[in-house]
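The sequence and the structure come first, and the description follows.

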Amino acid sequence: AVLSRGLVGNLGERIVVASPIYKHHFDLRTGECLEAPEHSVNAYPVRVESGQVWVAA
């Protein structure tokens with residue numbers, strides 16, 4: 001849940017969220033942790049439809 005409090009930005013072409021505790025950057029499309037790949041997280045496709053966010057699992 002700590003990533004929900006992170007800062008969103010970009011590193012080059014990648015859109016990332018920065019963990020506020022460890023300062024690691026996570027690619028928002030893939031979930032890959034750029035500094036420590038072993039800490040990568042799952043990423044899921046989403047879409048916004050009629051003001052609702054749908055997440056594919």
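Which pattern does the protein follow, read along the sequence? Read in that direction, the pattern is β-β-β-β-β.

## Basis of the report

This is a predicted model, in which local features need pLDDT of at least 70 and side-chain atom pairs count only at pLDDT 80 or more, while totals for chains, interfaces and linings use all residues. Residues are numbered from 1 along each chain as its sequence is written, and side-chain values use heavy atoms, with hydrogens and water left out.

## Overall make-up

The protein has 0 helices and 5 strands. Both terms refer to DSSP runs numbered from the N terminus: helices are H or I runs of at least four residues, and strands are E runs of at least two. The C-alpha trace spans about 35 × 25 × 20 Å along its principal axes.

Of the 57 residues, 18% are buried; buried means under 20% relative accessible area, exposed over 50%, and partly exposed in between, with a 1.4 Å probe and protein chains only. The protein exposes about 4600 Å² (Shrake-Rupley method, 1.4 Å probe). Carbon and sulfur atoms supply 57% of that area. Among contacts (heavy atoms within 4.5 Å) with a separation of 6 or more, residues 24 or more positions apart account for 1%.

## The three-stranded sheet

An open sheet of 3 strands has the order β1-β2-β3, with antiparallel pairing; two strands pair if DSSP finds at least two bridges between them. β1 (7-11) and β3 (25-27) stand at the edges with a single partner strand each, so one side of each is left without a neighbour in the sheet. From one strand to the next, the twist averages 40°, taken between lines fitted to C-alpha atoms, with angles from 0 to 180 degrees between N-to-C directions.

Strand β2 (residues 14-18) pairs with β3 over 3 bridges in the antiparallel sense. V17 has F26 in β3 as its bridge partner. The loop between β2 and β3 contains K23. K23 has a positive phi, near 65°, and is a residue other than glycine. At 53% relative accessibility, K23 is exposed.

The bridge partner of R47 is W54 in β5.

Where does S50 lie? S50 is in the loop between β4 and β5, in a hairpin with 2 residues between the strands. Its phi is positive, near 50°. Most residues other than glycine have a negative phi. S50 is exposed, with a relative accessible area of 79%.
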